[in-house]
Amino acid sequence: MSEARDIHDHLVRLLDWEDAHVGFEKAVAGIPPDKRGAVAPGFEHSPWQLIEHIRLGQDDIRDFCVRTDYVHTMTWPDDYWPKNPAPPNDKAWSDSIAGYKRTLEELKQIVRETKDLTAKVPTGNATQTFLRSILLTADHTGYHVGQLVDVRRALGLWKVNA
């Protein structure tokens, strides 16, 4: 296997690995419906807001990577965070998680199919490469998954050895 292919394989694994921390799947599992919109004392966001924010950010990065007509129209922070702490319904919750997983698979496919990950994305500037986008996605998701675990702990929804 070539060194380049090894790097691609590592990046695919990076997008959802759990080597150093809990992954998205475990962090979202088992949150009861009545706690999805709960904001723990001392915290700014509910589990719903964190999950939907992760999905929205990841979708935007994916679009940035693949759409040749991409124009950044979202406004920070308003378009990246749900205003309501609770999901509108159970379907919105499950759709958000499913959307995250679907886009994650699309990003993995981008890594697998892009020969030169240091190439700039279609509408990006010279520093906005596929590699940067993948690393940004992994970093962003890892950061907010950590927040989600902290919120779950504060709400009494996380066991130390979970």
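The legends below describe close-up views of a predicted model. Local features require pLDDT of at least 70 and side-chain atom pairs count only at pLDDT 80 or more, whereas totals for chains, interfaces and linings use all residues. Residues are numbered from 1 along each chain as its sequence is written, and side-chain values use heavy atoms, with hydrogens and water left out.

**View 1. The aromatic pair Trp48–Trp93.** Rings of Phe, Tyr and Trp (its six-membered ring) pair if their centres lie within 6.5 Å; planes under 30 degrees apart count as stacked, over 60 as edge-to-face and the rest as tilted. The count by this rule is 4 aromatic pairs. Trp48 and Trp93 are tilted, at 6.5 Å centre to centre and 35° between the planes. Trp48 belongs to helix H3 (residues 47-66) and Trp93 to helix H4 (residues 90-113), so the pair ties together parts 45 residues apart in sequence. Helices are DSSP runs (H or I, at least four residues), numbered from the N terminus. Both Trp48 and Trp93 are buried (under 20% relative accessible area, with exposed over 50% and partly exposed in between; 1.4 Å probe, protein chains only).

**View 2. The aromatic pair Trp76–Tyr80.** This pair is also tilted, with 5.6 Å centre to centre and 50° between the planes. Trp76 counts as exposed at 57% relative accessibility, whereas Tyr80 counts as buried at 9%.

**View 3. Buried residues of helix H4.** Among them are Trp93, Ile97, Tyr100, Leu104, Leu107 and Val111. Their cover includes helix H1 (3-14), helix H2 (24-28), H3 and helix H5 (130-154), contact meaning heavy atoms within 4.5 Å.

Terms used
Helices (H or I, at least four residues) and strands (E, at least two) are DSSP runs, numbered from the N terminus.
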